[in-house]
Amino acid sequence: MDENRKRIIINEIQHWKSTKLLPEQYCDFLLTLYTEGDHELKENNKKQSMFFKRYILLTLLMVHLLFLLTILVIYFTDFSIAMQIAIVVPFTAAILLVASKTTNSIVSSYYYMITALIFYLLTVEIVMGTGGNTTIIYLSIFHCLVWLLIGWRYSLRIFTIAGAAGFLLSFLFLLR
């Protein structure tokens, strides 16, 4: 059969299916017949793509909300350090859980970066609460070394770059 004619018939069957002129089973059968089985693959890909987009958007929204709540707890409340830790650690655990379940490597790297940033902010807040200025620089160097190791171990370029840049900056502040 001519490809142009096939396309017209397939579009007509899809119209019948969307307007419910024929039962869905009949339309699926006809579409499978005229597309020679390719119809089911295309529909499944569309459904998976839509689910994946919604999942990514929801997880991004959740991670950003948890990050903002973390910033709120650390910098804009008068909670004790123990209370801040008790609130922030479950937030970071939730972000790590989402990052470990995410299949997209760019998105999971982004989640890991947010988690590392939260841990860094929390430890700086702890050191500031205990009152040590040079300790912050040593802590920063330690964090950046950990970021370098994570970037090297898991082949995350962004962690390697951030760790190297942070290490150099922290070391320069230490020498100053």
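Trainee: Let's start inside the fold: in which helix is the place of Thr115?
Mentor: Happy to begin there, and keep in mind that this is a predicted model. From the N terminus on, the chain's elements run α-α-α-α-α-α-α. Thr115 has its place in helix 5.

Trainee: How many helices and strands does the chain have, and how many of its residues count as buried, in percent?
Mentor: The chain has 7 helices and 0 strands. It is 176 residues long, and the share that counts as buried is 30%.

Trainee: Which element gives the largest share of the largest nonpolar core?
Mentor: That core has 18 residues, and Val63, Val88, Ile95, Tyr111, Ile114 and Ile118 have the most contacts inside it. Two or more residues come from each of helix 3, helix 4 (81-101) and helix 5 (105-130). The largest share, 7 residues, comes from helix 3.

Trainee: Which residue forms a salt bridge with Lys17?
Mentor: As a reminder, side chains of opposite charge can pair when their charged atoms come close. The structure holds 1 salt bridge. In it, the closest N and O atoms are 2.5 Å apart, and the partner of Lys17 is Asp28.

Trainee: How many residues apart in sequence are the parts that this pair ties together?
Mentor: Lys17 counts as buried at 18% relative accessibility, while Asp28 is partly exposed at 25%. Lys17 lies in helix 1 (residues 3-19) and Asp28 in helix 2 (residues 24-35), so the pair ties together parts separated in sequence by 11 residues.

Trainee: Now for the surface: about how much accessible area does the nonpolar patch with Leu65 have?
Mentor: Leu65 has its place in helix 3 (residues 38-75), and at 51% relative accessibility it counts as exposed. The patch is formed by Leu65, Leu69, Leu72, Tyr75 and Phe76. Together they have about 510 Å².

Trainee: What separates the C-alpha atoms of Phe167 and Ile137?
Mentor: Phe167 lies in helix 7 (residues 157-175) and counts as partly exposed at 25% relative accessibility. Leaving aside neighbours within four places in sequence, Phe167 is in contact with Ile141, Cys144 and Leu145. Phe167 and Ile137 are 30 residues apart along the chain, and their C-alpha atoms are separated by 9.6 Å.

Trainee: Which element has the lowest mean pLDDT?
Mentor: For the chain, the mean pLDDT is 80, and 90% of the residues reach 70 or more. Among the elements, helix 4 has the highest mean, 87. The lowest, 78, belongs to helix 3.

How values were computed. Residues numbered from 1 in each chain as written. Heavy atoms only, no water. Patch = residues over 30% accessible without salt bridge, like charges linked within 9 Å, V, L, I, M, F, W, Y side chains within 5 Å. Areas by Shrake-Rupley, 256 points an atom, 1.4 Å probe, with all protein chains shown as cover. Salt bridge = Lys/Arg side-chain N within 4 Å of Asp/Glu carboxyl O. Helix = DSSP H or I, 4+ residues; strand = E, 2+ residues; numbered from the N terminus. Buried < 20%, exposed > 50% of the residue type's maximum accessible area, 1.4 Å probe, protein only. Core = buried A, V, L, I, M, F, W, Y, C linked by side-chain atoms within 4.5 Å. pLDDT = per-residue confidence, 0-100. Contact = heavy atoms within 4.5 Å.
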